[in-house]
Amino acid sequence: MPRELLQRRNFLRGLTAGAGGIALAGCDLLDDTSDSRVRRVLASANDLSYRVQRLLQGDALAPEFTRADIRQPQRPNGVAHPQDEDYLALAAGDFADYRLEVSGLVETPLSLSREQLQAMPARTQITRHDCVEGWSCIAEWTGVPLSTVLAMARPKSQVRFVLLRCFDTIERGLSGNVKYYETIDMVDALHPQTILAYGLNQGPLPIENGAPLRLRVERQLGYKMAKYVRAIELVSTFADVGDGRGGYWEDRGYDWYAGI
Amino acid sequence: MDDRNRQSRRSASPAAGKRGPLIYRQSIWTRTTHWVWAVCLFFLLLSGLQIFNAHPALYLGEQSGFAFDNAVLAIGATQDESGLKGYTEILGWRFDTTGLLGASGEGFLQEVRAFPAWATLPSFQSLADGRVIHFFFAWLLSATLIVWLLASAINGHLRNDLLPRLADLRALPRDLAIHLRFRFHHTGSYNTLQKLAYFGVLFVLLPLMVATGLAMSPGMNATLPWLTDLFVGRQTARTIHFVVMLALVGFFLIHMAMILAADPFNELRSIVTGWYRTDPPKNAKGEEHAA
């Protein structure tokens with residue numbers, strides 16, 4: 001057999017084996033969901049997305065739509081009917097006894113009733129809710145800007161994140177029940193479209209959409225917008241909350257920054 | 001006749017005078033970026049299908065219709081006495097795709113999932129991991145595209161090799177006929193179909209992929225609202241992202257077929273080492289020597 005043909009065959013075989021090997025090794029590495037070094041390297045791309053988007057977007061507003069664009073009820077996702085006793089008790093009284101607790105690194109801790117929240121200057125916005133799964137839904141949200149509440153509480157200088165603690169137990173496990181929580185940075189917390197919503201599509205916020213109060217962070221994905229908000233804490237770090245990654249879904253591998 | 005020609009060329013000893021000269025055809029920039037893209041697109045495809053599986057439907061417009069119908073594609077499964085049945089619905093037409101789309105896996109492992117385990121990364125369902133993989137390689141692909149664009153503008157690759165010229169377009173019918181008869185020429189430059197294919201991938205498909213990807217990002221949507229408008233809404237952008245993926249897979253398949261048909265050793269050598277064996281100088285009937 002001609003020498004050249006053999007060389008060619010070996011060359012092609014080697015190249016195919018090499019490329020296939022790299023691909024298979026990559027699949028194996030990435031099939032391992034543990035917090036491996038490979039995953040940490042890959043996830044660092046999200047820090048880049050966070051920095052670049054923050055740099056580019058400034059205070060830019062998320063697009064707002066018109067009432068003609070509202071073509072369906074807001075699709076509920078995640079927990080839609082919390083079974084927690086304290087929540088059910090509040091819901092039975094139509095949330096008349098609800099109070100939003102604001103604490104942590106603040107000069108003035110607050111405990112705000114629903115009437116107090118609804119008496120503050122409100123903001124209404126028709127925005128598109130983008131779920132991490134890929135779907136979108138347009139709805140009209142009414143609520144009090146988070147910045148208004150924060151201004152009343154007067155955050156201390158070392159505050160870096162707003163932590164939202166929720167009523168709903170999203171996971172029941174051997175190691176205990178897990179209640180939903182989320183964190184956002186101060187850029188989003190003070191953004192004019194970031195509101196604590198109590199109204200949806202010109203009516204009161206329904207239970208499946210997060211009554212009595214839910215967060216709207218319009219420049220990020222749905223899982224950042226905690227429903228059933230019980231308390232707000234201003235913190236300098238979230239390392240000591242949950243598994244330390246800044247949210248229920250974040251503790252399960254989702255990116256903390258969900259602007260993409 | 002052509003096959004015989006190729007056989008004789010192949011079995012000829014290296015000293016035979018029938019072969020054309022080796023030329024340095026692919027610069028280090030082209031070769032490096034080519035392989036980085038190959039790796040990126042492999043991971044982007046598999047992680048992209050993983051992400052798609054989280055909500056296996058495509059829509060037109062700004063939002064997804066739950067109370068109205070604006071879906072153009074939906075993949076799902078139904079259960080009957082014989083087991084899971086996977087279906088794919090395209091523009092209202094429903095196809096049974098059990099085993100491939102909608103429901104896949106053998107026996108007890110059969111499960112409801114749009115794309116099967118072998119086509120996704122990770123193989124099990126994990127939107128979180130799929131996103132981490134996808135965005136890492138999306139950054140790498142975009143960065144490599146910019147590096148390649150700058151290098152190719154400077155070293156002349158863009159102007160000399162890729163940009164289709166009027167003469168190329170005039171030669172299109174003839175070039176098409178040559179390809180359909182599998183009579184490939186090996187020269188220092190790309191033929192018309194090659195130029196159109198590479199130009200289309202690098203200047204249409206890949207930029208469209210990056211742009212529709214960005215148009216889906218709520219953060220970028222605040223920064224560049226016109227980008228999402230350009231694609232007539234976020235869900236249309238997502239649909240285009242998917243269709244361009246299909247086009248890239250189609251390009252890949254043809255790319256592989258052409259390499260196999262044209263002479264895999266020579267083609268691979270040129271994209272690995274840069275050196276490419278050209279046809280011997282043409283005589284009066286040049287085509288006779290094409291292999």
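Begin by selecting the two domains of chain B: their C-alpha centres lie 32 Å apart. The assignment, taken from an automatic or database source, gives domain 1 (2-55 + 124-289) and domain 2 (58-114). The model is a predicted one, in which local features need pLDDT of at least 70 and side-chain atom pairs count only at pLDDT 80 or more, whereas totals for chains, interfaces and linings use all residues. Residues are numbered from 1 along each chain as its sequence is written, with chains lettered from A and ligands numbered from 1 in the order in which they are written.

**Between the domains of chain B**

Next, display the residues that join these domains. Eleven residues of domain 1 of chain B are in contact with ten residues of domain 2 of chain B, contact being defined by C-beta atoms, placed from the backbone, within 7 Å of each other. On the domain 1 side, the elements giving two or more residues are α2 (28-53) and α10 (234-262) of chain B; helices here are DSSP runs of H or I with at least four residues, strands are runs of E with at least two, and both are numbered from the N terminus. Colour α10(B) separately, as this helix supplies the largest share of that side, six residues. By class, the domain 1 side divides into three nonpolar, six polar and two charged residues. In this scheme Ala, Val, Leu, Ile, Met, Phe, Trp, Tyr, Cys and Pro count as nonpolar, Asp, Glu, Lys and Arg as charged, and the others, Gly among them, as polar.

**Between the chains**

Now show both chains. Here 50 residues of chain A are in contact with 42 residues of chain B. Select α1 (3-31), α2 (37-57), β3 (123-130) and β4 (136-145) of chain A, the elements that each give two or more residues to the chain A side. The most comes from α1(A), with eleven residues. The chain A side comprises 25 nonpolar, twelve polar and 13 charged residues.

**A helix residue of chain B**

Move to helix α7 (residues 192-215) of chain B and select Phe203(B) within it.

Methods:
Contact = placed C-beta atoms within 7 Å.
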